[in-house]
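Please open the model in your viewer and keep the selection panel at hand.

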Amino acid sequence: MTETALTVHQTARPHGFPTADHFAFTKSPLPEPPAGSALVENLYWSVDPYHREMMDDLPGGFALRAPLEGRTLGRVIASRTPRLAEGEIVFHRKGWRTHATLTPEETRRLPRFDGVPLTVYLSTLGGTGLTAYVGLTRIARLQEGEDLFVSAAAGGVGTATGRFARLLGAGRLVGSAGSAAKAAHLTREVGYDAAFDYHDGPAADLLGKAAPDGIDVFVDNVGGEQLAAAVGALREFGRGVRVGTISQYNIPGASSPPFDYADIVEKSLRMEGFLVRNHLDLQEELYEFAVPHLQSDRLALDETVVDGFEHIVEAFLGMLRGENTGKIIVRDRTQTPSVD
């Protein structure tokens, strides 16, 4: 066992797109767990779009020159509480570091399902999958046969949304992505009926070609021009689910393109955003829905795995640039794809 811990700190506030210079790796002796806590060696880390928002000087954001936070899976390697047994794998939010001292209240025990790998608790069965599930079942209230458009459909939430929507009986699935290769992946592998590269022209034109008869539900991970296009494409009683606005995270003072606000009234539309942390009570329901499909291979995993904690900043910046397909996860080098 290593005697040194590594932690990532944010050193400055970005103005626009962040760079590696906004972060620093710090070394420290391996911490001793206080009474009532345990020392956890982290094995898998999630980097997510919301981390970019937390880099700004906002309430609840990352503090400068302090350990960052993020969803993480780790193994208990030393314990001073009977509630955390050595060798146990736990979920927690003290990520962006190789080791963390945790109380039982700061951890969540993970159920183990046959044939389901650990990474799934940061993707399909984690916050990413829960976001997709809540968006479809609670916010959009998706009905069988309804047509759906998903922006940033090749990302973690986008791929989970597409796969879940198909299992829930959705009609036509349309997605946008950042490259022709990703658009092809959506139709070839994920189950979308049509997909387009949003760089290829005005979003309204591209969406109009992909969904000429309109859509019933829009799951928005992007905002901006694609949001405006979707409002125009929504049918009567259509629903828009706001998950994120990644197109504007790195553009200070960015404004959204205008759309016809009369559409909201004339078509009786509903637009609603949500934070997945307010729906954690649905975690068990997600397990009940998704696990049987994972075990039967009806539900495939969409993950981009980066090996080595030393690459966590690169993985985060690559995610913001759209270099991943599906959920991006950083894996400790001691782990292998066969670990479950």
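Begin inside, where the largest cavity holds about 70 Å³ of space; a cavity here is a set of points on a 1 Å grid over the protein atoms alone where a 1.4 Å probe fits but cannot get out, and a volume is the space filled by probe spheres set on points joined across faces, edges and corners. This is a predicted model, in which local features need pLDDT of at least 70 and side-chain atom pairs pLDDT 80 or more, while totals for chains, interfaces and linings use all residues. Residues are numbered from 1 along each chain as its sequence is written, and side-chain values use heavy atoms, without hydrogens or water.

Select next the lining (residues with an atom within 4 Å of a point), which includes Ser123, Arg163, Asp302 and Lys327. Helix H3 (residues 156-167) gives the most to this lining, with 5 residues; helices are DSSP runs of H or I with at least four residues, and strands are E runs of at least two.

Val265, in helix H7 (residues 262-266), counts as exposed because its relative accessibility is 63%, the cut-off being over 50%.

Finish at the second largest pocket, of about 240 Å³, a pocket being an open set with protein on both sides within 12 Å along at least five of seven lines. Among its 15 lining residues, Leu6, Thr98, Phe309, Glu310 and Asp332 lie nearest its centre, and strand S3 (38-46) gives the most, with 3 residues.

Methods:
Buried means under 20% relative accessible area, exposed over 50%, partly exposed in between (1.4 Å probe, protein chains only).
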